[in-house]
Amino acid sequence: MAGNPVATAAFAPALRLATMLSMLAVALIMAAALCGLLPDDLALQAAARARQVDLVAHDARQFASTGDESGLRRLLSHVVDSGFAVGAYARRDDGEVLAVAGEIDLQRQVQAGDPAFVSLDLIGPAGIWGRVGIQFPPLHEGLAAPFGHPLIELCLFVGLGSFVCFTLYL
């Protein structure tokens, strides 16, 4: 087909039409996202993580209120072994480290808006008993930046996939 100029000229309108239809499909996906019709994958992951942290906090506070340090160690090991967290630690209020599981910086401080680390106060019968710190993996492990957002990945997939399909159809 490359050697025949008539066939190449006849194929050009199909490419232009396929490109326009693909761009229209991507524009519709972006409009649906702006209207809130597509679920936000990162927000869903963050909400699931928050629910899991609440469960870990509940269990850790139960262990702290009864003084069950071995139960707290088992809980933190399970949190890391299950893949929920990269690392976790439990520290008494006096600074004594009771348990460390996985890889975590024991000196790390909580910063507002940091989705990768949370620190929970453990309250026992006599007040604050200690603290549990949990470090999480990144929320989304998709394509490399700048294509790491799920909406961008979806638009790329639909755009390229529809372009190929439309071109073959036309």
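Buried means under 20% relative accessible area, exposed means over 50%, and partly exposed lies in between (1.4 Å probe, protein chains only). Keep that handy for the exercises below.

A word on the model: it is predicted, so local features need pLDDT of at least 70 and side-chain atom pairs count only at pLDDT 80 or more, while totals for chains, interfaces and linings use all residues. Residues are numbered from 1 along each chain as its sequence is written, and side-chain values use heavy atoms, with hydrogens and water left out.

**Exercise 1. Work out how strands S1 and S2 pair, and look at the hairpin they form.**

Step 1: Find the strands, which are DSSP runs of E with at least two residues, just as helices are runs of H or I with at least four, all numbered from the N terminus. S1 covers residues 87–92 and S2 covers residues 97–102.

Step 2: Check the pairing, which requires that DSSP finds at least two bridges between the strands. Here there are five bridges, in the antiparallel sense. For one of the partners, take Arg 91: its bridge partner in S2 is Val 97.

Step 3: Look at the turn. Four residues sit between the strands, and Gly 95 has a positive phi near 100 degrees.

**Exercise 2. Trace the salt bridges that involve Glu 69.**

Step 1: Apply the rule: a side-chain nitrogen of Lys or Arg within 4 Å of a carboxyl oxygen of Asp or Glu. That gives four salt bridges.

Step 2: Start with Arg 73, whose closest N and O atoms with Glu 69 are 3.8 Å apart. The two residues are four apart in helix H3 (residues 69–81), so about one helical turn separates them. Arg 73 is partly exposed at 36%.

Step 3: Move on to Arg 92, which meets Glu 69 at 1.9 Å, N to O. This pair links distant parts of the chain, helix H3 and strand S1, 23 residues apart. Arg 92 is partly exposed too, at 26% relative accessibility.

**Exercise 3. Describe the salt bridge between Arg 131 and Asp 121.**

Step 1: Get the distance: 2.5 Å, N to O.

Step 2: Arg 131 is in strand S4 (residues 127–135) and Asp 121 is in strand S3 (residues 117–124), ten residues apart.

Step 3: Check accessibility. Arg 131 comes out at 34%, partly exposed, and Asp 121 is partly exposed at 28%.
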